[in-house]
Amino acid sequence: MEHNNQTQTISTHSPFTQPIRCIVKLGGAAITCKNELEMINEETLQKVSEQLRQAMITSSEKPPGMDWSKRPGSSEICCNPEEFGDQSVVDFSRFIVVHGAGSFGHFQASKSSVHKGQLNKPLVKAGFVATRISVTTLTLEIIRALAREGIPSVGMSPFSSGWFTRERQVSSADISSVAKAIDSGFTPVLHGDAVLDEILGCTILSGDVIISHLAAYSKPEYVVFLTDVYGVYDRPPTEPDAILLKEIAVSEDGSWSVVKPKLQNSIELTVAAHDTTGGMQTKISEAAMIAKLGIDVYIVKAATSHSLRALTGELRGNIPDDWLGTVVRSSR
C-alpha cells in the first residue's frame, strides 16, 4: 500500500555547527484538553517535561528550577540563588522542542479562516492577532514547565523569528537564531504559528512543517512525535478493529508503505473538524519527508514508558516487540 508525498526543495547550507540529538514534537492533543478551550493537560505536560529532562541529562540529580515567576494561587516567587552555587553549568543534550496548539489557537484560526489568507479582511486580521495571543500563551506555559525541570528553555515564535511562507510552504526562516540558541546552551521551543505568506497574505504554519524544515538543516539523530494515541493506526483508533502500524518505510520519492504488520485493507486517515493544519495525514507526510533524509521518526503516546524509550534514543536500530508506537524510516 503506497502513498505519494510531495517533495520539498531545501538548500544545503546549514547554520548548525554541531549535530542535534533530537527534535521533539509535543502534540497539541497530548498536552492540552482538545475538547475544552484553552485548557492545558497539566499532568501530561509535567510528565513530558520530566521525561525530557531524563533524556537530556545523564545525571540522576534534578537541576535547580528556572521558573522564577509567580504561580497561580501563590503569593511567593520561588527562587533560591544558593541552589546554583559555583557548580559548572549542567551539560544538556542538544534538543529542539516544537509544540502544536491543541485547544489553543485552532478555534481562533478556524473562526477567522486565517489559514486561507486575505489579511486585508478585518476578521482575518483580528483572527491572526487572536490566534497568536492564544498559542503564545500555551508556549509560555510549556517553557515554564520545562524550566521547572531545570531545562534552560527559550521561546522562539516563528512569526517573530523571521519565518515566512509562500502558499503555505516555508519560503524563508531565520534558523540561525535557533542554532545560536543551541550553541549558547539553550533548548529552543517553537510552535505552530500564524505567519505572513507571500501569496496569500497570511496562513497557519503547522508545527509538523516547522519540524521537517528544521530537520533538513539540523540533521538530528532522531525525531519524536508525542501524541495522545499510541501511534499511527490503519483507521481511527477509537474503532474496535483499529490496528497499530508498527513500521512505515519511506522510499526515495517520498512514497510510503506499511512494513509491519502486513495489512489486507486500505488505510483511512481522519482530520478533526477544527484542525486547520491537516491532522494525521500531515503528520505522516512530514514524518515521511524527515525519514527520507535518513532520520528515524518515532510517533508515540506522550507520558508513557514508550515515549521515554523513544526520547532517550533507545530505539535506534531494531525496534523491540514490547514497544508500542510507530517508527517511520527510510527503506534504504
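Q: Which residues of helix α5 are buried?
A: In helix α5, which covers residues 176-183, the buried ones are Ser177, Val178, Ala179, Ala181 and Ile182. Buried means under 20% relative accessible area, exposed means over 50%, and partly exposed lies in between (1.4 Å probe, protein chains only). Helices (H or I, at least four residues) and strands (E, at least two) are DSSP runs, numbered from the N terminus. This is a predicted model, in which local features need pLDDT of at least 70 and side-chain atom pairs count only at pLDDT 80 or more, while totals for chains, interfaces and linings use all residues. Residues are numbered from 1 along each chain as its sequence is written, and side-chain values use heavy atoms, with hydrogens and water left out.

Q: What do the buried residues of α5 pack against?
A: They pack against β2 (95-99), β3 (153-155), β6 (187-191) and α6 (207-218).

Q: And α6, how many of its residues are buried?
A: In α6, 12 of the 12 residues are buried, so this helix is largely enclosed by the rest of the structure. Among them are Gly207, Asp208, His213 and Tyr217. From its first C-alpha to its last, α6 reaches 16 Å, close to the 16 Å expected at 1.5 Å a residue, where the expected span is 1.5 Å times one less than the number of residues. Just after α6 comes Lys219, with a positive phi of about 45 degrees.

Q: Which residues have the most contacts inside the largest nonpolar core?
A: They are Phe16, Ile96, Leu190 and Leu214, in a core of 39 residues. Such a core is a set of buried Ala, Val, Leu, Ile, Met, Phe, Trp, Tyr and Cys residues joined through side-chain atoms within 4.5 Å. The elements that give two or more residues to this core include β2, α5, α6 and β14 (296-301), and α6 gives the most, with six residues.

Q: What is Ile96 in contact with?
A: Leaving aside neighbours within four places in sequence, Ile96 is in contact (heavy atoms within 4.5 Å) with residues including Phe16, Val178, Ile182, Leu190 and Leu214. There is also a second, separate core of 35 residues, which includes Ile40, Leu45, Ala55 and Ala302.

Q: Switching topic, is Arg329 buried or exposed?
A: Arg329 is buried, with a relative accessible area of 14%, and is found in strand β15 (residues 326-330). A polar atom of the Arg329 side chain lies 2.9 Å from the backbone oxygen of Gly317.

Q: Which side chains does the side chain of Asp296 make polar contacts with?
A: The Asp296 side chain makes a polar contact with the side chain of Arg329 (2.9 Å) and another with that of Tyr298 (3.5 Å). A polar contact is a pair of N or O atoms within 3.5 Å; within protein, one must be able to donate a hydrogen and the other to accept it, and residues adjacent in sequence count only if both atoms are side-chain atoms. Asp296 is in strand β14 and is buried, with a relative accessible area of 17%.

Q: Last one, how many disulfides does the structure hold?
A: The structure holds zero disulfides, a disulfide being a pair of cysteine sulfur atoms within 2.5 Å. As for individual cysteines, Cys202 is buried, with a relative accessible area of 0%, whereas Cys33 is partly exposed, at 27%.
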